[in-house]
Amino acid sequence: MEIRSPQNPEEWEAYFQLRFKVLREPWNQSPGSEHLPDDQAAIHVFAIENNQVIGVARMHESNPLQGQVRCVAVDHAHQGKGIGKLIMEYLEKVGKENHWHEIILEARVNAVPFYTNLGYIIEKESYLLFGEIQHYTMKKIL
């Protein structure tokens, strides 16, 4: 398995397809909703194994000295195998290389234990996505 940025149109398509499949399709969102307005300014990474994208995430500078992780998704068949942890460790390394002091994220309620195990702490309850998915602002000092 390798964690890196998508490099060609096919990899980008697979990257966004996994984001849609895990983060949008289960809530009946339309194709294209997986694209965000600031995607071009973000750092995108994926976990790829045997030419199959099995995990994705993106990160951008949200404030000076602070990065924000968004759109973390692992293919359902590969969840619980440490792929999300490896992706987050990779992004934290990039954050340190960028001299960021902290990373923030908006965690879905079901992902809070995952991020807590990685050392993130809840800052506050934030928003309700699609009218049903509670999110929490979480932070980790790098």
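View 1. Seven strands, in the order 1-2-3-4-5-7-6, form an open sheet with mixed pairing; strands are DSSP runs (E, at least two residues) numbered from the N terminus, and two strands pair if DSSP finds at least two bridges between them. Strand 1 (2-4) and strand 6 (121-129) each have a single partner strand and stand at the edges, so one side of each lacks a neighbour in the sheet. From one strand to the next, the twist averages 25°. The model is predicted: local features need pLDDT of at least 70 and side-chain atom pairs count only at pLDDT 80 or more, whereas totals for chains, interfaces and linings use all residues. Residues are numbered from 1 along each chain as its sequence is written, and side-chain values use heavy atoms, with hydrogens and water left out.

**View 2. Strands 3 and 4.** Strand 3 (residues 52-63) and strand 4 (residues 66-74) run antiparallel and are joined by 7 bridges. R70 in strand 4 is the bridge partner of R58.

**View 3. Helices across the sheet.** Helix 1 (residues 9-23) runs at about 85° to strand 3, and helix 2 at about 35° to strand 3; axes are lines fitted to C-alpha atoms, for helices over the stretch in contact (heavy atoms within 4.5 Å), and angles run from 0 to 180 degrees between N-to-C directions. Helices are DSSP runs (H or I, at least four residues).

**View 4. Helix 2.** This helix (residues 83-97) has 15 residues and reaches 21 Å from its first C-alpha to its last. Its buried residues (under 20% relative accessible area, 1.4 Å probe, protein chains only) include I83, I87, L91 and V94. H99, which follows helix 2, has a positive phi near 65°.

How values were computed:
The expected span of a helix is 1.5 Å times one less than its number of residues. Buried means under 20% relative accessible area, exposed over 50%, partly exposed in between (1.4 Å probe, protein chains only).
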